[in-house]
Each structure stands twice: as structure tokens, then as C-alpha cells.
Amino acid sequence: ANKRLRSQLLIIVAMSPTDRERYQDERRLTTEAAALHLRGEYAKALVSSREAAELNKSLFGEDSASYALAMNNLAAITINVGDNRQAATLAEKAVQLLTTSVGEKDQITLTALSNLAFTYQRTQAPARELELRQKVVDLSREVYAEGNVPVGHMISLVEALWRNGDREKAKDLLAQQVDRIHKDLADHIADPRNEAAVFDAVATIAVQEGDLAMASSAARTSALAAAKANGAESTPFAASAGDVATIYLLMGDMERAEPLARECVRILEKTVGPDHPIFVSSQTLLTRIHIYRGEFDKAKVLLDHAISVSQKAYGDQHLVTSGYREMLALMYLQNNQPAEALPLLTATEQTIATTSGDNSSERGDNLQLQARGLLMSGDLPAAEAKQREAIRLQGLSEGAKHVNAANKHQLLARILAAQSKAAEALTELSTAIDINETFFRDTFTGQSERQRIETLAARRGSLDWWLSLSAGEQDSTLTYQR
């Protein structure tokens with residue numbers, strides 16, 4: 001680090017007056033880009049960051065560590081505006097330059113490698129992401145004292161392992177981090193930021209496994225640690241409180257979800273302001289509550305504001321902007337307005353396919369919403385085609401036995417039933433029930449039997465409908481027993 005600083009200072013000292021002015025412009029643009037990025041004005045930040053990078057290259061050279069850092073900053077901002085492939089190109093160049101100029105075993109290079117891994121995550125290249133996450137951890141063992149790898153790098157590796165399907169290894173590695181936190185707490189040297197990060201990861205994996213009781217417990221622990229690290233009126237705490245509220249929403253516990261959601265919004269309105277992307281993201285919790293209650297006018301006001309802020313921050317074709325449009329479409333479906341929903345869903349599918357790929361889980365979820373709209377509109381063959389593709393994509397992402405697959409099979413059963421394809425509908429509904437039975441048997445204990453029964457009943461649909469489908473089928477006795 002001292003050598004880099006000395007080298008750059010020598011260049012600055014030797015600059016002509018004109019170049020020194022250009023250097024001051026480069027510093028101003030870099031600072032400006034960081035400030036705009038912090039305020040959530042990502043499109044404007046990108047312009048400033050590009051100009052700063054070009055000035056840096058002309059002043060210090062294309063092969064300099066300084067230019068590599070400018071490229072790394074530009075890559076980070078480019079990700080936020082949704083140009084993931086360009087971000088990957090920039091991050092790859094930054095890593096190449098830093099590896100050449102300062103070497104792999106340098107904390108700055110490790111940061112750039114982590115940034116590159118994140119671009120691979122966003123471009124749906126999980127195997128390449130995992131390779132880099134593992135490399136960062138391996139190099140960190142040599143860079144940091146006593147091989148004490150930063151918790152952030154370890155958690156990123158856990159998440160990459162999970163995305164690549166190596167879930168047992170991911171859980172084992174995460175358990176090691178939990179033990180590490182417990183040991184630090186016992187030794188009174190625990191960093192609450194690390195505690196927050198580890199238990200946030202525990203909550204995320206628990207949600208994906210369907211263990212919402214564990215998820216809510218871990219999320220609350222993470223939120224308390226975030227409050228300890230940053231204060232109870234801070235942005236990190238508000239984000240953690242929002243995570244807890246989200247899990248309560250998944251559990252259907254509106255009484256606990258709503259106060260936390262409103263507290264999250266209150267804090268963020270004070271810390272980042274009402275026109276920041278982080279603020280409107282937090283408002284989606286309240287939006288979902290309004291939709292759940294049928295308060296569509298209130299939900300639309302929040303969604304219109306979210307789309308407007310997102311367009312300014314990310315651009316019109318960004319995944320975040322499309323996500324808000326998709327939520328608006330969902331609201332229209334809930335309000336029995338498929339004609340308003342379908343054009344929004346078709347447009348967002350195109351953005352998802354361009355940004356995340358044709359085989360992404362996000363596209364599968366979008367297709368399921370389109371299938372719902374087409375079912376409501378009466379276009380049953382098109383609905384069936386969309387839903388079968390959604391099920392195929394489900395198998396490629398979370399897996400064919402994930403609880404979300406049950407929802408997809410159940411919707412296909414309804415579409416088939418509407419076409420009088422009773423036998424096929426029964427097969428799909430049976431698949432959905434089998435997945436749900438396994439999920440709830442593994443998730444809920446005897447102490448929560450009532451919750452298990454209520455949730456399963458809600459997911460499996462009406463027994464009367466099941467029996468009406470089986471009318472005339474030979475195995476009606478077995479159907480009734482099921």
C-alpha cells in the first residue's frame with residue numbers, strides 16, 4: 001500500500017499545472033459519483049464515474065492500480081443500473097490490472113475479486129461465481145493474520161454454495177460461522193456487524209428451506225445485532241427490521257408484520273429520504289399488506305411512487321423497475337383485472353429474459369403470473385403453455401420438490417380442470433399435495449400442528465374441488481381417503 005501511495009504521489013508531484021487541474025476534476029467526479037450513488041441516483045452516478053475513470057486513465061495510465069480501482073468503482077455502479085454484462089467486463093479488467101500491478105494477495109484485489117463474483121451472480125453464472133468466492137476465501141487465509149478470513153467473505157461463499165446446489169456444505173460452513181460468533185461472544189470480542197451478517201444468512205437459508213420459525217428467530221437476532229452495531233435509528237437496523245417483517249408476512253402474521261414494516265419505513269424516510277430506492281423498497285412491505293387486505297387504491301399509490309423513483313435511479317428497463325411493475329400486475333390480478341395485468345407482465349418478461357436469461361427463476365415466476373391472468377381471461381391453452389414452462393424453470397432453479405413447485409403444479413391443475421382434463425388435473429394436484437405434505441412434515445413440529453393443518457389446507461385448495469375432479473374416476477375411494 002505504501003509503495004502504491006508513493007508511486008502515485010510522485011506522479012502527482014511531477015504533473016503539469018494543467019494535469020493537476022484535471023486530477024482535481026477526477027477527484028471531484030469520483031467524490032460526486034460516490035455521493036450520487038449513496039443518494040440512490042445511480043444513473044447520474046454512472047455518468048460521473050465514467051468521466052472520472054477516463055480522466056484517471058489519461059493521468060495514471062491504463063495499466064495503473066489507480067485506474068484499476070476506478071474501473072472497479074465503475075463496475076459496482078454499472079451493476080446497479082442493470083447492465084450486468086458490462087459490469088462483468090469492467091470488473092474482469094479491474095481484477096486483471098490489480099493482479100498485475102499489486103498481486104493477488106492484496107486486500108484491494110480481494111475486494112475486486114468479490115465484486116467480480118457478484119457480477120457473475122447477477123449474470124446467472126453460478127459456477128463461475130462459486131469458483132471466485134472460494135478463491136477469495138483461500139487467498140484471505142494467506143492475507144489476513146492467523147488465517148482469520150473476514151466473515152463477509154465466508155458468508156458470500158455460503159450463499160454461492162447454496163445457489164450451486166451444494167446445500168449441505170453451505171449449511172456446514174454457516175454452522176461454523178455461527179460457532180465462531182458464539183465463541184467471540186463468550187470471549188467478549190464479538191463484532192455485532194459480523195453477528196448481524198451471519199444470522200441474516202441463517203434466516204435467508206431457513207426461509208428457503210421453509211423453516212419460518214427458525215428464520216424469524218435468526219432474523220430477530222440479526223436485527224438486534226444491527227441495532228447494537230449501528231443504532232436503532234439507522235439504515236442497517238431498518239433493513240434488518242424489514243427482513244423480520246417480511247418473514248412474518250410469509251407466516252401470514254399481519255399483526256406482527258405491519259408495525260415492523262411501518263417502523264422500517266419511518267426510519268428510512270428519516271435516514272435516506274422518500275425518494276431513495278432503499279426507501280421505496282421498504283415500502284413494498286406495506287404494499288403487500290394493502291394488497292392482502294384488498295386496499296388496492298393505497299397499494300397503487302405506493303407502487304406508482306416506487307416505479308417513478310426506480311426509473312430515475314436505475315432506468316426503465318432495470319430488473320428492480322420491472323419488479324415493481326410486476327407487483328402492480330399482481331395487484332391487478334388480485335382485483336380481477338387481467339386485462340390491465342397482462343401487458344405489464346409481458347413487458348417485464350422481456351426485461352427479465354434480457355437481464356437474467358431465458359432460464360432464470362425470475363422468468364418462471366413471471367410466467368406463472370401470466371398463466372394466472374390468461375386463466376382469468378379464458379385463454380386456457382396459452383395459460384397451460386405458460387404454466388408448463390414455469391414448472392420447467394422451477395426444476396432448473398429451486399428444484400422440482402421445493403414448496404414453490406407445489407404452487408405451480410396446483411395452478412396447472414386448475415388450468416387443466418378448466419379445460420375438463422380431469423385426469424391430468426388430478427395428477428398435477430396430487431403432485432402439489434405430495435410436495436406440500438413433505439414440506440410441512442419436515443418443517444412443523446407437533447407444537448405447531450394447528451399451523452401445519454391451517455397452512456396445508458390453504459395450500460391444497462378445497463377438498464370439495466378435489467372430489468369434484470375425481471367424480472367418475474375409478475379410484476374415487478382412494479381419492480376420498482387422500
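Contact here means heavy atoms within 4.5 Å of each other. This is a predicted model, in which local features need pLDDT of at least 70 and side-chain atom pairs count only at pLDDT 80 or more, while totals for chains, interfaces and linings use all residues. Residues are numbered from 1 along each chain as its sequence is written, and side-chain values use heavy atoms, with hydrogens and water left out.

Ser 360 sits in the loop between α17 (338-356) and α18, where helices (H or I, at least four residues) are DSSP runs numbered from the N terminus. Not counting residues up to four places away in sequence, Ser 360 touches Gln 124, Ile 352 and Leu 393. Because its relative accessibility is 1%, Ser 360 counts as buried, a term for under 20% relative accessible area, with exposed over 50% and partly exposed in between (1.4 Å probe, protein chains only).

Ser 282, in helix α14 (residues 277-292), also counts as buried, at 6% relative accessibility. With neighbours within four places in sequence left aside, Ser 282 is in contact with Cys 264, Val 265 and Leu 268. The C-alpha atoms of Ser 282 and Ala 238, which are 44 residues apart along the chain, are separated by 8.7 Å.

Helix α18 (residues 361-377) packs with two helices, α19 (residues 380-396) and α20 (residues 403-418). Axes are lines fitted to C-alpha atoms, for helices over the stretch in contact, and angles run from 0 to 180 degrees between N-to-C directions.

| Helix pair | Axes come within | Crossing angle |
|---|---|---|
| α18 and α19 | 8 Å | roughly 160 degrees |
| α18 and α20 | 11 Å | roughly 25 degrees |

The angle with α20 makes α18 roughly parallel to that helix, since angles under 35 degrees count as roughly parallel, over 145 as roughly antiparallel, 65 to 115 as roughly perpendicular and the rest as oblique. Residues of α18 in this contact include Gly 364 and Asp 365, and those of α20 include Asn 407 and Lys 408.

The largest nonpolar core has 65 residues, and those with the most contacts inside it are Leu 174, Val 198 and Met 331; such a core is a set of buried Ala, Val, Leu, Ile, Met, Phe, Trp, Tyr and Cys residues joined through side-chain atoms within 4.5 Å. Apart from this core lies another, of 33 residues, among them Leu 36, Val 81, Leu 116 and Tyr 314. Val 198 is in contact with residues including Val 151, Ile 155 and Leu 174, leaving aside its neighbours within four places in sequence.
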